Amino acid sequence: MTAVAAAVKPAKRGRSFAPRYPTWLTLPSALYYAVFFLGPMAILAVFSVSIQSGFGSVEYTFSTSQFAQVNDSLYITVFERTLLMAATGTLLTIVVGYPLAYWMARYLSTYKMLALLVIIVPFWTSFLIRTYALKIILDPHGYLAKDLGIDILYTKYAVGIGLVYNYLPLFILPVFASLERMDWTLIEAATDLGALPFTAFRNITLRLTLPGVVTGGLLVFIPMCGEYIIPNILGGGKYEFVGNIIGDTFGDAQNWPFGSALSISLMAALSVFVVIYIVFATREEQFGA
Amino acid sequence: MGELIQEGGLMKLDFNLIPNIKNLDPKFRKASFDPTGEFHVIKDFGITMFFYQNTVVKPASEPKTMKDFYELLNANVSKGRTNVLDGAEEVVPLAAMALGYSANTDDQAELDDTQKFLLSIRKGVTTISSFGYINDASAGKIILSQGWNGDVRRILKARKKEGDITAVLPTEKSEVWADSWCVPATAPHPVAAHAWINFLLEPTTAVTEMEYHSYPIPIPAALDQMPAETKNDPIFNVPSTYTDNYEYILNPNPQLVNARTKIYQQFKAA
């Protein structure tokens, strides 16, 4: 028995070349995430079920009265308008950004990086400065209004243009990356087989880059919903987004519990879209373009 | 400041460290937001008024009250940009005062009236902003707006050549407000803070300040040193015949502040 057992040696495991990282290396980033993200989220959650006891003071208890207040028709209307404005802004961003990203990925070779730089450079300036720059362009006494008759400052159209202008680079980058990864020989094969260019675009390019478009769309839609500066500056303070309501509640009313409940409600409403983003981002990672 | 005093956020001042307090007009030592006068020293004060471009806005009769201002909005918004000052603590109390109510009313019926009134003039408002209106009005981009008296004075100076701005001190109710110096309860260097306040109460320092920001500082010796043109300007030195009707806007309790904030949000979202 012993000889048999000795004769049957266990198979020697080959050396694995898969990278192995000690878990403790993630501790710094996990700590940063816990302190600067999870911590404030937890504080927000605790405030949202508390009661205001004074200016900027909170009585810690468990009450859903703040969320009951969120159900008021004023806030529901503002939520609906915000989602509609953000959806419109996102659609316009897709309409403007996709052709630009397509042209850069498909037809530019020598100047591709330069075009990318031109898209990114405005991001190097402050968001507030960019919005004020747009305000100057749209000024009723400016060339656009005086010479072309496009007088839209302090209207919802100015807010829409501001949203597209400020978030366009955020959409173009993931879509461009998606288009860059695409195998363009598929288009050549399709046209060789008799497909019309638009048919090839619709059935191949659009389908393969759809995860990138959805990712880019959600990357702009979600921050648009929380916008504060653009409605204030380009809308003349007249177009309330949920972000403005939250700002007024914390700043003017110093009602931290209700402001927290509004913030949590906005996050809950947007979480649906975040899940969609994760699904599409995962699919794009798995299947690529 | 009233809120900070209520919440214990301010330190009681030691006036032994501020000998120049004797320079301040005694009438301004106490205020409704600090009834004992122990927590603040007034920095400057002002009032809320309104102005219009007389080449564009041509009212049938000379507007005299804040209610007249609101009633001009709907009729003139198509001619150019109209503006009201922003913030729940400005929009709601000013509208309440225009209706003859107290700025600090917490009567629900009066607040409901104020809300209805604001919604009725909402379409006449192009912008709701307290920031940047000085430059825009100086450039002739605003035809009708509320404003603080020091800012309106600067606009009048800037438009002197065109001469097209009419400024109106409301004859009935409006807002009087004050900027004040105070020391936080947790201030690490309170002695230095007291020395700073004492420095600012020197008449020569006050003159420099007034010439810069165009708001009066109630130090009689400093006011006497101001040029006659400034001293006698009713927009700088607002006569008591007007200010006797004006009120400080206070935040007496969170319930009223929340109610004002909601009315303000309804006004903006309409």
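Student: Which residue stands opposite A:Ser57 in E2(A)?

Tutor: A:Gly54 stands opposite A:Ser57. This is a predicted model, in which local features need pLDDT of at least 70, side-chain atom pairs count only at pLDDT 80 or more, and totals for chains, interfaces and linings use all residues. Residues are numbered from 1 along each chain as its sequence is written, and chains are lettered from A and ligands numbered from 1 in the order in which they are written.

Student: What makes E1 and E2 of chain A a pair of strands?

Tutor: Strands pair if DSSP finds at least two bridges between them, and three bridges join the antiparallel E1 (residues 51-54) and E2 (residues 57-59) of chain A. Strands here are DSSP runs of E with at least two residues, helices are runs of H or I with at least four, and both are numbered from the N terminus.

Student: Why is H3(B) called roughly perpendicular to H12(B)?

Tutor: Their axes, lines fitted to C-alpha atoms over the stretch in contact, come within 9 Å and cross at roughly 90 degrees. Because angles of 65 to 115 degrees count as roughly perpendicular, H3(B) is given that name relative to H12(B).

Student: Which residues of H3(B) make that contact?

Tutor: B:Ala88, B:Glu89, B:Val91 and B:Val92 make it from H3(B), where contact requires C-beta atoms, placed from the backbone, within 7 Å.

Student: How many residues does each chain give to the contact between chains, and which element of chain B gives the most?

Tutor: Chain B gives 20 residues and chain A gives 19, and on the side of chain B that touches chain A, H12(B) gives the most, with nine residues.

Definitions and conventions. Contact = placed C-beta atoms within 7 Å. Axes fitted to C-alpha atoms, helices over the stretch in contact; angles between N-to-C directions. Parallel < 35°, antiparallel > 145°, perpendicular 65-115°, else oblique.
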